[in-house]
Amino acid sequence: MDIWISILLTIATAATPLLIAAMGELVAERAGVLNLGVEGMMIMGAVAGFGAGYLTGSPWLGVIAAIIVGVLFSLLFAFMTLTLATNQVATGLSLTILGLGLSGMLGTSFVGLPGVRLPNLDIPGLTSLPGVGRLLFGQDPIFYLSIALVIAVAWFLFRSRTGLTMRAIGDSHTSAHALGIQVIRYRYLAVMFGGACAGLAGAHLSLVYTPQWVENMSAGRGWIALALVVFASWRPWRVLAGAYIFGAIWIGQLHVQAIDLSSFANSSWLIYQPIALIKSLPSQFLSSLPYLATILVLVLISRNKRLTMMNTPASLAQPFVPER
Amino acid sequence: MSLHEGAANLLEVRGLTKIFGSLKACDSIDLGIAKGEIHALLGENGAGKSTLVKMLFGSLEPHSGEILWNGQSVRITNPGVAKKLGIGMVFQHFSLFEALTAAENIALSLDDGAPISTIAAKARALSYSYGLPLDPEALVGDLSVGERQRIEIIRCLLQTPDLIILDEPTSVLTPQEADKLFETLERLRSEGKSILYISHRLEEVKRMCDRATVLRHGKVVGHCNPREETASSLARMMVGSEVRTVERPPAEGMNKAESLLEIVNLNRRPATPFSIPLKNINLSVRAGEVVGIAGVAGNGQGEFFEAVSGEVLQQDKASVRIRGKQVGGLDITGRRLLGAAFVPEERLGHGAAPRMKLSENLLLSRHATDGKAFVGTAGMIEGKAIYSAAQRIIEVMDVRKSAPDPEAASLSGGNLQKFIVGRELDRKPSVMIVNQPTWGVDAGAAAHIRQALIELARNGSAVLVISQDLDELFEISDAIAVMHDGELSQKLPIAEATYEKIGLLMGGAEPGHAATAHATETAEVA
Amino acid sequence: MRIELVKRPQRSALFSMLSPFIAFVLTVIAGAIMFALLGVNPAKALYAYFISPLTEVWQLHELAIKAAPLILIAVGLSVCFRANIWNIGAEGQFTIGAVTGSILPVLYPDLSAAYVLPLMLLMGMIGGAAYATIPAFLKARFNTNEILTSLMLVYVSQLFLDWMVRGPWRDPQGFNFPQTVLFNESARLPEMLSSGRANLGFAFSIVAAVLVWLMMSRMLKGFEVRVLGSSPRAGRFAGFSINRMVFFAFMLSGALAGLAGISEVSGAIGRLQPTISPGYGFAAIIVAFLGRLNPLGIIAAGLVLGLTYLGGEAAQATLGVSDKLARVFQGMLLFFVLGCDTLIHYRIRIVGRPAPAADTLVAQEGAH
């Protein structure tokens, strides 16, 4: 029992940054903006979160700094693609390239330093409940935030009037403009929300997941978050499911790599043999599983062309220049 | 009522001007609309009608000039302002969201923040009271063009406007649906609303409108009472000169001519969520004949064009035959090599690449058919030969342009269409299939294109014209078939076709019963 | 105040030419500001970064070494991007090309013959092209987004290389270092001149750029690429196949990236090791855009980007700033290029808030 709880806990920790970043991107894409800079915003959030946390000693200030930096970085993207109508794909890529470079440069002096960690929740009486106690009441604050985020985004997009407007803009910016909706203003907000989420996801990496600064520590999670949005057909609850599947894959391969085979020496043949088999695979193969899994789910989900067309926001990644 | 009674007018426009680059789209326009009148805004394509109404609705910003609302000067900086004032608009190219429901679409333009269910109930009630029933829960993408227009109209009416602007509303309706719309407009007038009615269809303007303002090349060329004018006097005002009529010499011995294009039991499944399946289409076009396909937009014409042109291949190879050969499995290049030529509906982005020069756009459809002349050894492009061929087409079709070899996007719609049609005619194709030959084209260019199509047929080619413009089809066709919901009626010889019959078929009367409709009518006449 | 774009009737030939230069100047200015913020004298820093790496002949050779893979990859990517196909995985195709090209010298280290090197280059190209076929196939067959798949394959390829050099291909006499045997002389790319290290890889890149330029501007195939990229429906109307183009563009760019990979390994490095590229595959994306997707422009752009690598190393040595600076410069450069490209199709107008006039009362109310 305990081992399963602790596996679930680590899965949640691995899934949380994916979930948050994907949630932000989902809102941006629902408004018709494809921001491929998630990886860049996330890594900037991670370095800012670590730096601010380390320098002030307060992980909370780290979280705030990460969100601010994420928003600022997304503003750069928004200015380029929305105000200057540049190609969204290329601009998103350059945001990622810039983010990876800038974070590496800013983080040079942080390498190897001990970071601060956001404390886990501890509610007397509840957290110590046997079994589910730690799972429900003993995780890090950002975990709870991520779940709240899913509920909030789902409500916002499908129950609120502003969310309806966002979806309308994503469906047809020309129609929205003809009706007098301020397309660019809404899109700025959507992109900034995406930036805030990516920054927060980065903070989770450097303040919870591994409280230290390692160059390129996002390790492609931003890209996986982008894939999750496609996988989830732009629906918030499916992003939640997808993030946890990927969290499980991510954790699974790490666990297998770390397992000490000798501790299973006395187990039954049925358990020992499969583990031995997996252990005999090169560690690099296990490490590549999350990336291969991403490709696999993308293929599975996009195979049905009709369904994909039905779900994809129709004006996604289309440049928009209002005629005045 | 004269223009100078500014105070009595609901809306008054003085000296309104809009400039795009070097083009004066609207040149100091004066216009007055009284309370409770239907005011027509007449003009050819490109005369500046749409630009003017976009300024009135706040979508475009005027360069200079003044707008008075109830005698007060106003600045309509965005559509929100226009709505607040009491101006509603029904767009020509609908401003709807396909992925949302009708009710959600309506909610987006109301600012009261009422729950969707309330809005849906209101919309339903209003739509029935005006005899324009709609289902608020339906996804717009699944609806026909006529139903979409109803949503636009109901959405506009729910804002309780004093002035309703309708931009070419009947271009997407069958004659019968148009009649229904006219009843609605007359009822609105009787309720004291003003209507600005934009059209280039003279008969309906004469029938409905109290006053008319005529635009030409961005300028007001006259105000008149359309009821006192004739269709041809209105046309003269619009075009500025005598309108060239198209001549259709009688086709000799056509019944014996061989069928160059045959469609046999053509079926196609919908390729995208919102596209129309084609059901069992049969048609043949003989040498020397122009056959028209009528139909309201979105009834499968685009899907049909793709299937016949070979942009999409058919499983059943025998379902399309060109000059007797089964070509269902041949792609567009293969069909072109058999002597077929195609002109799609969309000029920019389909028939032509917008950012490429005209000479490059010539290569677009002829790199294979004129392979030896235009493409040399090792796939090198013969620039000189292509350039001179392009110049030849430009001359024959009288294409007006600003540079020797301009980008396609820099030409006006009419001139680009003349080039695209000319590009195919230049090959002297034996089968020519054209979708919307003169959509959005000025009268002069339209006449030129129509005449050229008739001449091609009379010289022994088979010509198939898909169009939503019934006047056009009656002008050039030897026979007309009607497409509705992916099905095609039998073709009616032009001598037997009437607007009424074709209109009924467009509205979905049983395709097989075209003959019945005909019989009933003859009986009534008798 | 807001910024508005006003569409030009025709694309501006002037800005089409100027935009890379403006972008470069803006990058230098931004770099100066950044140096000042880091507390380094901007003039000195910019000199160290952009001028000092060009002062000696051997340094020019180093520049050619850095520029060669950038140009080779970017030339291939330019065809993809022109066709509106987003191959982001050139880094992976580079890596796999390096691995497949190294099969001969690693498995037969004593093989010494004139055919060894050409065969290696060919196998590198085949490997790169084959790896690029994966995202092409997934896109053509399953409609899968090629941006994400090609990028994921970069991570996979790097892990694969890591496994190869630590596992099956590790040099038995290599003191357990994760690397293969050093390639013998006949498996090394020869140097071009006696004055420095620059090898044939640079010549390959120039030849590739000229050939692709010829294809893009003079041949029907290039026309096909441009039509399908700018208006896919018009391309289909012309009878061109988008799926075939996906394969063509991916395989061409994959082959060139693979050639760059094996050239780098058999030229500058001499053996396989866990890291063989300082991000050439990603920097080449910048090179492609900086060269305005024109193969001849890409030659110049490749040299500029190569300079940012050398400048980064030089600045680290003389000023003690992080060599990550090169990545920052590259990112900024791409931003500025994309921004400046807007000027080709639009004029930029800055609009102040319209002053409210007395008679606009109704409209003002409406705006609230």
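1. **Ground rules.** Residues are numbered from 1 along each chain as its sequence is written, while chains are lettered from A and ligands numbered from 1 in the order in which they are written. Since the model is predicted, local features need pLDDT of at least 70 and side-chain atom pairs count only at pLDDT 80 or more, but totals for chains, interfaces and linings use all residues.

2. **Chain A on its own.** You'll find 15 helices and 0 strands here (both are DSSP runs numbered from the N terminus: helices are H or I with at least four residues, strands are E with at least two). Chain A has a radius of gyration of 21 Å, close to the 20 Å from the globule rule for 324 residues, so it is as compact as a globular protein of that length. That radius is taken over C-alpha atoms, and the rule is 2.2 Å times the number of residues to the power 0.38. The C-alpha box is roughly 75 × 50 × 40 Å along the principal axes.

3. **Inside chain A.** Of the 324 residues, 53% are buried (20 or more other C-beta atoms within 10 Å of a residue's own, with C-beta atoms placed from the backbone). Among contacts with a separation of 6 or more, 79% link residues 24 or more positions apart. Two residues are in contact if their C-beta atoms, placed from the backbone, lie within 7 Å.

4. **Chain A meets chain B.** Here 17 residues of chain A touch 21 residues of chain B. On the chain A side, α7 (161-171), α8 (173-178) and α15 (305-311) each give two or more residues, and α7(A) has the largest share, with 6. That side has 7 nonpolar, 4 polar and 6 charged residues (Ala, Val, Leu, Ile, Met, Phe, Trp, Tyr, Cys and Pro are nonpolar; Asp, Glu, Lys and Arg are charged; the others, Gly among them, are polar).

5. **Chain A meets chain C.** This contact takes 40 residues from chain C and 41 from chain A. On the chain C side, α14(C) gives the most, 12 residues. By class, the chain C side splits into 24 nonpolar, 10 polar and 6 charged.

6. **Domains of chain B.** Domain 1 covers 9-239, and domain 2 covers 256-339 + 429-525; these bounds come from an automatic or database domain assignment. Their C-alpha centres are 32 Å apart, and 17 residues of domain 1 contact 16 of domain 2. On the domain 1 side, α6(B) gives the most, with 3 residues.

Methods:
A residue is buried if 20 or more other C-beta atoms lie within 10 Å of its own, exposed if 12 or fewer, and partly exposed in between; C-beta atoms are placed from the backbone.
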